Amino acid sequence: MISKGSFENNFKDYSPAAANNILTVSQTEISNVFQEKLQNYKCSKLDLVITDMQNDIFYDGTIYTGSAGLALYYLTCCSVGKNENNHENLKTALNYIDINNLKGRRISFLCGDAGPLALATVISYKLGTRRPEHFPDYRLLAQRLMSLISLLEESPDELLYGKAGYLYSLLFVMKHITGKDVIPASHFEKVISSIIKSGKKLSAQMKFDTPLLWEWHDKIYFGAAHGMTGILYMLLQAHAYTSAAEKKSFIKPTIDWLLTHRFPSGNFPSSLGSSARDRLVQWCHGATGFVPLCLLAYQIFEDDKYLKIALQCGDVIWQRGLCSKGYSLCHGVSGNAYAFIQLYQATKNPMHLYRACCFMEWCALERPGTELHRPDRPASLFEGMVGRIYLAEDMSRVLNAKFPAFCL
């Protein structure tokens, strides 16, 4: 291991020769040989999950640790193009969504009621007249999703449990149900206004040189799961519902302030004041979550500095991203693989696609001793096996791949 948090990366650096049998001769796509490996891996592990790991899948009904994570996978399988399996995938997804026993306490997509409701809304819409008789119409489900706004002011701001996660739920529905005003702009604006208002308030209290600041459990986290990266990324994804003034005066300068906290290594602290702990390189804490934020900031603000930082984060992940914790999306190698996918989508540089394939291979081989922390929920989307299955599926159509429950 090169640190307590990761194993040494012994994969060869990218070259056309190193990528032989992984990428095509043109270096623009994954080779048929590697695609076949992905397909075999996905099918064998999915069979394992839906047979031997049923109890763990139904640990709860959330997307993060429970059955709705598998529902999201089946929805993803039919979200690109049209094929004869789409209807069956949608019906299968319904088997993993329970909208009758929601707890009514959390507002977010990943760990709250909004996730299952958003999935149910989209699936009901896509099934149309073919939806089961007992299953509600998508418009009724969208109303239930919107009613969760009653929890807004008592919710935190971050992604996993809070307002940013609710904002993603709304964006998710509108992405899949196009051309219909299922959720009015005013609803988005209320959520965004609440997030920004909270950020202004804490910034004024703390007197830091940033217009927005958010905390989670009395700490100012920087990462994607509980921190500022995740919140800012959601605000950028919702840029159609924010004003030019909000972007210029609040969102952009907050991103710029956040980026000043990089370690000399190119990695980022997990929270403000944790400058001596340059250890974690994973989606929830560290450089990985900054890649999509910087890429979208580059796209929206057209400033090359954001692309430069995203690329530097990619190098950090290549060097230190074989996490000793294991293979998960949240704090493991699968989540890090998505950073390379995102960089490939943005740049079309085959080096990033090669790196994604190497990290996928690491997850698939499961070498003894490379998962030092067994996940609490070994079948789940964000901690366990379904996350790797999701990654394998996404890599089979890499230009359309999206980090689940995070990227639109």
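**Backbone, pockets and aromatic contacts**

I begin with Glu 366, whose place is in the loop between helix H14 (350-365) and helix H15 (385-395). Please bear in mind throughout that this is a predicted model. The phi of Glu 366 is near 50 degrees, a positive value in a residue other than glycine. For context, most residues other than glycine have a negative phi. Glu 366 counts as partly exposed, because its relative accessibility is 29%.

Asp 218 also has a positive phi, of about 65 degrees, although it is not a glycine. Asp 218 is found in the loop between helix H8 (185-206) and helix H9 (228-237). Is Asp 218 buried or exposed? With a relative accessible area of 71%, Asp 218 is exposed.

I turn now to the pockets. The largest pocket has a volume of about 490 Å³. Its lining is made up of 20 residues, and those nearest its centre are Asp 60, Thr 62, Lys 103, Arg 106 and Cys 111. By class, the lining of the largest pocket divides into seven nonpolar, six polar and seven charged residues.

The second largest pocket has a volume of about 420 Å³. It is lined by 16 residues, with Tyr 233, Leu 296, Gln 299, Lys 402 and Leu 408 nearest its centre. Which elements give two or more residues to this lining? They are H9, helix H11 (287-301) and helix H13 (333-347). The largest share, five residues, comes from H11. By class, the lining of the second largest pocket has eleven nonpolar, four polar and one charged residues.

The largest cavity has a volume of about 40 Å³. Among the residues that line the largest cavity are Gly 5, Ser 6, Arg 279, Arg 320 and Cys 323. The lining of the largest cavity divides into three nonpolar, three polar and three charged residues.

I shall discuss two examples.

In the pair of Trp 283 and Phe 403, the ring centres are 5.1 Å apart and the planes lie at 20 degrees, so the pair is stacked. Trp 283 lies in the loop between helix H10 (244-259) and H11, and Phe 403 in the segment after H15, so this pair ties together parts that are 120 residues apart in sequence. Trp 283 is buried, at 1% relative accessibility, and Phe 403 is likewise buried, at 1%.

The rings of Phe 340 and Phe 359 have their centres 5.0 Å apart and their planes at 90 degrees, so this pair is edge-to-face. Phe 340 in helix H13 and Phe 359 in helix H14 are 19 residues apart, and the pair links distant parts of the chain. Phe 340 counts as buried at 0% relative accessibility, and Phe 359 is buried with a relative accessible area of 0%.

I close with charges over rings. Arg 377 lies over the face of Tyr 59, at 3.8 Å from the ring centre. The charged end of Lys 252 sits over the ring of Phe 301, 5.9 Å from its centre.

Note on methods. Residues are numbered from 1 along each chain as its sequence is written. This is a predicted model: local features need pLDDT of at least 70, side-chain atom pairs count only at pLDDT 80 or more; totals for chains, interfaces and linings use all residues. Side-chain values use heavy atoms; hydrogens and water are left out. Helices (H or I, at least four residues) and strands (E, at least two) are DSSP runs, numbered from the N terminus. Buried means under 20% relative accessible area, exposed over 50%, partly exposed in between (1.4 Å probe, protein chains only). On a 1 Å grid over the protein atoms alone, a cavity is a set of points where a 1.4 Å probe fits but cannot get out, and a pocket is an open set with protein on both sides within 12 Å along at least five of seven lines; lining residues have an atom within 4 Å of a point. Grid points are joined across faces, edges and corners, and a volume is the space filled by probe spheres set on the points. Ala, Val, Leu, Ile, Met, Phe, Trp, Tyr, Cys and Pro count as nonpolar, Asp, Glu, Lys and Arg as charged, and the others, Gly among them, as polar. Rings of Phe, Tyr and Trp (its six-membered ring) pair if their centres lie within 6.5 Å; planes under 30 degrees apart count as stacked, over 60 as edge-to-face and the rest as tilted. A charge sits over a ring if NZ of Lys or CZ of Arg is within 6 Å of the ring centre and within 35 degrees of the ring normal.
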